[in-house]
Amino acid sequence: MNYGNIKECDVADGPGVRVSVFVSGCRHHCKGCFNSETWDFNYGQLYTSETENQIIQLLAPEFIQGLTLLGGEPFEPENQRELVKLLKRVRKTYPQKDIWCYSGYLYDVDMIPGGKIYTEVTDEMLSYIDVLVDGEFVEALKDVTLVFRGSSNQRILHLKEMREAGK
């Protein structure tokens with residue numbers, strides 16, 4: 001897996017101050033995408049164990065509220081298999097920090113058994129994510145007044161709350 005960028009102090013992609021990892025590789029190719037260079041799976045730098053260690057260190061300060069995954073597309077099958085290890089480690093090391101993820105895929109369509117990008121690690125990956133913003137960016141539905149979304153079709157799903165409610 002490659003990544004395009006790691007933002008150490010991001011305030012745009014979830015609440016509070018966050019560490020954000022922009023993975024490479026995306027098959028959606030949404031018109032008007034703000035990060036189209038990350039569509040290429042080979043864009044950026046190779047994600048290594050040193051990269052993972054760096055992310056863990058960047059999350060250490062108390063003022064960092066959590067981690068955000070975006071891209072590119074974190075839920076491309078090629079990315080899930082690497083990211084699930086990072087999420088597991090973040091959850092174990094920093095149980096008090098939240099994890100957000102942005103995906104153009106739909107939670108209740110593509111991420112379920114038989115769904116377009118469902119893999120052997122999808123359920124585990126979802127189990128570590130507190131909030132999932134799902135749905136492709138649709139330029140015709142772009143709305144700059146939305147908080148943590150680019151277009152009005154995208155949903156903010158509070159997965160942790162859903163799990164706690166037994167949904």
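**Notebook: charges, fold and cores**

I began with the charges: the protein has 18 positive and 25 negative ones, and their mean positions lie 3 Å apart. I note that the model is a predicted one.

Next I looked up the secondary structure, which comes to four helices and seven strands. Read along the sequence, I recorded the order β-β-β-α-β-α-β-α-β-β-α.

I then turned to overall dimensions. Along the principal axes, the C-alpha atoms fill a box of roughly 40 × 40 × 35 Å. The radius of gyration is 15 Å, which agrees with the value near 15 Å that a compact globule of 167 residues would have. I found an accessible surface of about 8,300 Å², with 53% of this area belonging to carbon and sulfur atoms.

For the interior, I noted that 48% of the 167 residues are buried. Of the contacts with a separation of 6 or more, 67% join residues 24 or more positions apart.

I looked up the largest nonpolar core and found 33 residues in it. Ile55, Leu67, Phe75, Leu86, Ile129 and Leu132 have the most contacts inside this core. Among the elements that each supply at least two of its residues are β1 (2–10), α1 (49–58), β4 (64–71) and α3 (122–128). Helix α2 gives the most, with five residues.

I followed Ile129 further. Leaving aside residues up to four places away in sequence, Ile129 touches Phe75, Leu87, Ile99, Cys101, Leu159, Lys160 and Arg163. Lastly, I recorded a second, separate core of six residues, including Phe22, Trp100, Val131 and Val133.

Methods:
Residues are numbered from 1 along each chain as its sequence is written. This is a predicted model: local features need pLDDT of at least 70, side-chain atom pairs count only at pLDDT 80 or more; totals for chains, interfaces and linings use all residues. Side-chain values use heavy atoms; hydrogens and water are left out. A nonpolar core is a set of buried Ala, Val, Leu, Ile, Met, Phe, Trp, Tyr and Cys residues joined through side-chain atoms within 4.5 Å. Buried means under 20% relative accessible area, exposed over 50%, partly exposed in between (1.4 Å probe, protein chains only). Contact means heavy atoms within 4.5 Å. The radius of gyration is taken over C-alpha atoms; the globule rule is 2.2 Å times the number of residues to the power 0.38. Accessible areas come from the Shrake-Rupley method with a 1.4 Å probe; for residues, only the protein chains shown count as cover. Lys and Arg count as positive and Asp and Glu as negative; His and the chain ends are not counted. The place of a charge is taken as NZ of Lys, CZ of Arg, CG of Asp or CD of Glu.
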